[in-house]
Structures are given as C-alpha cells and as structure tokens.
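Please take a moment to look over the sequence and the model before reading on. The paragraphs below go through it one region after another.

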Amino acid sequence: MSTPLFHAATGYFLGKYLPANFIPLSDRVRRFDLNILYPVFIATCADFDFIPQMLTGLKLHRGISHSLIFALGFSLIISWVASKIWKISYFQLFRFTLILYSSHLFLDFFAEGRGIKLFLPFLDQFFKSPILVFPGIHYSRGLFNLSHLIPLLYELLLTVFLYGLLNQWQTYNAQKRQLSTVRNNIHPHPKLRSKEIIEH
C-alpha cells in the first residue's frame with residue numbers, strides 16, 4: 001500500500017489545481033489554509049479505518065473505506081456539509097471531493113500488497129493492478145522495519161518530481177498571464193478602442 005505521506009502529498013498537489021480562493025478567506029482557520037488542508041484530509045481519510053480496527057481487533061483496513069460505494073457516499077455527504085458551511089457550489093465541491101477520495105483508491109490499487117475491496121458490499125474480494133507502480137509497506141513487519149526505507153525513498157523521490165512539475169506548471173501559467181497582460185496593454189480590445197474614439 002502507499003504511505004499516508006504520499007496520499008497527503010497527492011491531496012496537496014491536487015489542491016493546487018483548485019480555483020483561487022475556492023474556500024472563502026473568512027472561513028480559513030488561523031495558521032491553516034483550508035484550500036490545502038481540505039484536499040490533504042480528503043485524500044488521506046480512507047486510511048482512518050485503522051481506528052475502528054484498533055478498537056475492535058477486526059481486519060478492517062482496505063475494506064469498506066476503500067470501496068467505490070463508500071467513496072461516492074462519503075463525497076456526497078461531506079460535500080453537502082462543507083458547501084453549507086462555506087456557501088459554495090455543492091456540485092463543484094462534490095466533483096473535486098470525489099476526485100480527491102478516489103485518488104487514494106487509485107494509488108492503493110497500483111501498490112504492492114493484497115489490493116483493495118473495490119466493490120464492497122456487493123463483492124467481498126480484493127482487487128489490485130497486475131502492473132504495480134508503488135512498492136508496498138508491510139506493517140505486519142513492524143512500524144520501524146528497515147524494509148520500509150525503499151518505498152519511503154521511492155515516494156519521496158516521486159514527490160520531489162511532482163513538486164518540480166507543479167512549479168514548472170505554475171511558472172508557465174504566470175508567464176502566460178503576464179504575456180497576455182502585456183499584449184492587452186499594447187493592443188487594446190477592439191470594443192475598448194472604439195469606445196475611446198467615441199469619447200474623444
């Protein structure tokens with residue numbers, strides 16, 4: 001399975017593609033930007049199934065919380081609550097929340113391990129990709145086992161690579177906006193030019 005750190009990083013990167021000020025500034029928590037905190041939380045919360053697993057002793061990880069039905073239901077509910085609190089478009093928030101939550105299932109589907117139960121409660125079976133992209137962490141070996149170093153280093157390098165791509169994308173967009181502004185100043189819009197002629 002992918003580590004919670006990489007799930008959080010994925011939420012962070014996806015959050016960068018939100019429209020500016022998606023969550024109103026007045027509803028941001030001091031020291032925390034909810035435009036980043038919300039995507040990170042949604043992208044990682046499927047792994048919160050370890051809490052009832054610890055309390056009950058049952059093997060619940062990668063169960064119902066990693067299914068498509070749960071992803072849909074969770075996204076519908078959390079988006080409705082958040083849209084009421086932040087007074088923003090429910091459908092826009094639902095679409096983005098579903099993408100964020102599904103990113104967790106996508107990463108775990110392509111990770112080493114037993115897979116995820118995508119079709120619970122209809123089918124109690126694990127599914128995983130025949131092509132594995134992420135080396136898995138086996139928590140059964142212990143939390144601080146040396147075998148965890150390889151997947152952690154792999155995900156760290158992948159995070160750095162994605163961060164570099166994000167910076168390049170943001171730089172490109174900033175240059176594009178700047179160039180557009182310069183062009184508009186040099187060549188005003190035809191309607192604006194005709195208006196200026198009439199006024200003079």
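Predicted model: local features only at pLDDT ≥ 70, side-chain atom pairs only at ≥ 80, totals over all residues.

Rolling a probe the size of a water molecule over the atoms shows where empty space is left. In the second largest pocket, that space comes to about 240 Å³. Its lining is made of 13 residues, and those nearest the centre of the pocket are F6, T10, F13, L14 and L162. If you trace the lining back to the helices, you will find that α1 (4-15), α5 (90-109) and α6 (149-186) each supply at least two residues. Sorted by class, the lining of this second largest pocket holds 12 nonpolar residues and one polar residue, while no charged residue takes part.

Charged side chains come next. Side chains of opposite charge can pair when their charged atoms come close. The count of salt bridges in this model comes to one, and it is formed by the side chains of K117 and D124, with a distance of 2.5 Å from N to O. Are these two partners buried or exposed? K117 has a relative accessible area of 17% and is therefore buried, whereas D124, with a relative accessible area of 56%, is exposed.

Finally, the backbone deserves a careful look. Most residues other than glycine have a negative phi, and most peptide bonds are trans. Against that background, notice the peptide bond that joins L120 and P121, which is cis, with omega at about 0°; P121 itself is placed in the loop between α5 and α6. Notice as well K87, a residue other than glycine whose phi is positive, near 55°. K87 belongs to the loop between α4 (68-86) and α5, and because its relative accessible area is 70%, K87 is classed as exposed.

Terms used
Residues numbered from 1 in each chain as written. Heavy atoms only, no water. 1 Å grid on protein atoms, 1.4 Å probe; cavity = no way out; pocket = protein on both sides within 12 Å on 5 of 7 lines; lining within 4 Å. Points joined across faces, edges and corners; volume = space filled by probe spheres on them. Helix = DSSP H or I, 4+ residues; strand = E, 2+ residues; numbered from the N terminus. Nonpolar A, V, L, I, M, F, W, Y, C, P; charged D, E, K, R; others polar. Salt bridge = Lys/Arg side-chain N within 4 Å of Asp/Glu carboxyl O. Buried < 20%, exposed > 50% of the residue type's maximum accessible area, 1.4 Å probe, protein only.
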